[in-house]
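Biologist: I have a structure open and a few things to ask. Can we go through it together?
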Amino acid sequence: MSSSSGGTRRDGTGWVALAAALWGSDALLRAHLVKAVPSATIVLAEHAIAVVLLLPVLVRTFPAVRRLDLRGKLALIGIGGGASALATVLFTEAFTYGDYIAPALLQQAQPLIAIAGARLLLGERPRLRFAPFVAVALVGGFLVAFPHPGDVAVSSVRGALLALAAATLWGSGTVLGRLLSVSLSFEATTAWRFAVGLPTALVLALLLDAPVVPPAADLPALAGLALGPGLLSLLLYYWGLQRTPAARATLAELAYPVTAAVVGVLFLSGSLTATQVLGGVLVAGTVTLLALASQRRGAATVEAPPPPVLVEAG
């Protein structure tokens with residue numbers, strides 16, 4: 001079973017960029033919520049709202065999920081439990097340290113993590129030397145994470161580690177999503193990402209002793225977070241990704257940190273030091289050069305065989 005259809009399809013770069021911009025607006029609601037609601041409670045509510053809305057899709061696509069082989073089912077668990085629930089808890093927790101811009105800017109590292117993961121999990125070999133890009137990105141990431149590089153605070157280290165852990169899980173989720181792309185439609189991938197993430201989010205809330213039910217006063221903000229930057233952005237992203245070459249999608253996703261920085265400065269009283277701006281330019285420039293170089297050498301970011309079909313025969 002394939003999620004793609006034959007024939008010519010419209011380019012989806014604009015939809016990927018729109019989805020990324022929606023992610024960037026996430027801080028408007030998340031920064032307000034973390035002041036009153038534990039991170040695990042926020043993420044649990046996001047997943048619960050999305051699952052309720054996606055119930056018809058879950059029922060309709062259950063046969064396709066049931067036909068996945070063991071590798072496909074493990075990939076789905078990794079996407080839902082790791083890239084959806086755990087990553088979002090880590091990212092939300094990073095906001096509790098008061099910096100609403102750096103955690104989002106650090107997510108620019110995701111394409112580099114995804115390429116490294118594709119090499120390990122899918123056997124894909126980058127068409128160009130990868131190490132120099134990683135080195136420059138690490139320098140840029142350090143400058144972004146710490147507004148004053150010569151005076152690194154413990155809270156900054158913790159927030160940066162949480163954000164980078166989230167970026168690692170989200171980047172890994174991109175690789176696992178490629179594994180599923182030939183077996184599940186974009187609607188199914190989105191729906192089951194939330195469905196698998198829901199019990200994981202519940203376990204995390206219980207382990208962290210966070211309330212399972214959020215305060216009623218915060219439900220409108222939680223609904224907005226789940227519907228906009230959560231559900232709608234993922235639907236647009238997976239739909240556009242099926243129609244967009246990897247290199248172009250990587251560039252389109254830069255709309256995320258740009259939007260996040262604008263939102264942080266204009267609406268959340270955030271600010272960027274000169275070294276953070278330099279770091280952001282280094283990371284964004286690295287990702288851009290990587291995508292452009294890959295596009296010149298071929299249509300995709302990496303040279304890869306077709307993803308394996310993850311549907312059991314019969």
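Biologist: How many salt bridges does the structure hold?
Modeller: Two. Keep in mind that this is a predicted model.
Biologist: Start with arginine 30. Which residue does arginine 30 form a salt bridge with, and how far apart are the closest N and O atoms?
Modeller: The partner is aspartate 26, and the closest N and O atoms are 2.6 Å apart.
Biologist: Where do arginine 30 and aspartate 26 lie?
Modeller: Both are in helix H2, which covers residues 26-33. They are four residues apart, about one turn of the helix.
Biologist: Is aspartate 26 buried or exposed?
Modeller: Buried: the cut-off is under 20% relative accessible area, and aspartate 26 has 8%. Arginine 30 has a relative accessibility of 3%, so arginine 30 counts as buried too.
Biologist: And the other bridge: which side chains meet in the salt bridge at 3.1 Å?
Modeller: Those of glutamate 46 and arginine 30, with 3.1 Å from N to O. This pair links distant parts of the chain, since glutamate 46 is in helix H3 (residues 39-53) and arginine 30 is in helix H2, 16 residues apart. Both glutamate 46 and arginine 30 are buried.
Biologist: Which residues do the shared partners join into one network?
Modeller: Asp26, Arg30 and Glu46.
Biologist: New topic. At what angle do H5 and H10 pack?
Modeller: About 55°, with the axes 7 Å apart. H5 is residues 70-94 and H10 is residues 186-207. Angles from 65 to 115 degrees would count as roughly perpendicular and those under 35 as roughly parallel, so H5 and H10 are oblique to each other.
Biologist: Is the crossing of H5 and H10 left-handed or right-handed?
Modeller: Right-handed.
Biologist: Which residues make the contact?
Modeller: From H5, the contact includes Leu76, Ile77, Gly80, Gly81 and Ser84. From H10, Trp192, Arg193, Val196 and Gly197 are among them.
Biologist: How many of the residues in the contact of H5 with H10 are nonpolar, polar and charged?
Modeller: Eleven are nonpolar, five polar and one charged.

Technical notes: Residues are numbered from 1 along each chain as its sequence is written. This is a predicted model: local features need pLDDT of at least 70, side-chain atom pairs count only at pLDDT 80 or more; totals for chains, interfaces and linings use all residues. Side-chain values use heavy atoms; hydrogens and water are left out. Axes are lines fitted to C-alpha atoms, for helices over the stretch in contact, and angles run from 0 to 180 degrees between N-to-C directions. Helices (H or I, at least four residues) and strands (E, at least two) are DSSP runs, numbered from the N terminus. Angles under 35 degrees count as roughly parallel, over 145 as roughly antiparallel, 65 to 115 as roughly perpendicular and the rest as oblique. A crossing is left-handed if the near helix is turned anticlockwise from the far one by less than a right angle, and right-handed if clockwise. Contact means heavy atoms within 4.5 Å. Ala, Val, Leu, Ile, Met, Phe, Trp, Tyr, Cys and Pro count as nonpolar, Asp, Glu, Lys and Arg as charged, and the others, Gly among them, as polar. A salt bridge is a side-chain nitrogen of Lys or Arg within 4 Å of a carboxyl oxygen of Asp or Glu. Buried means under 20% relative accessible area, exposed over 50%, partly exposed in between (1.4 Å probe, protein chains only).
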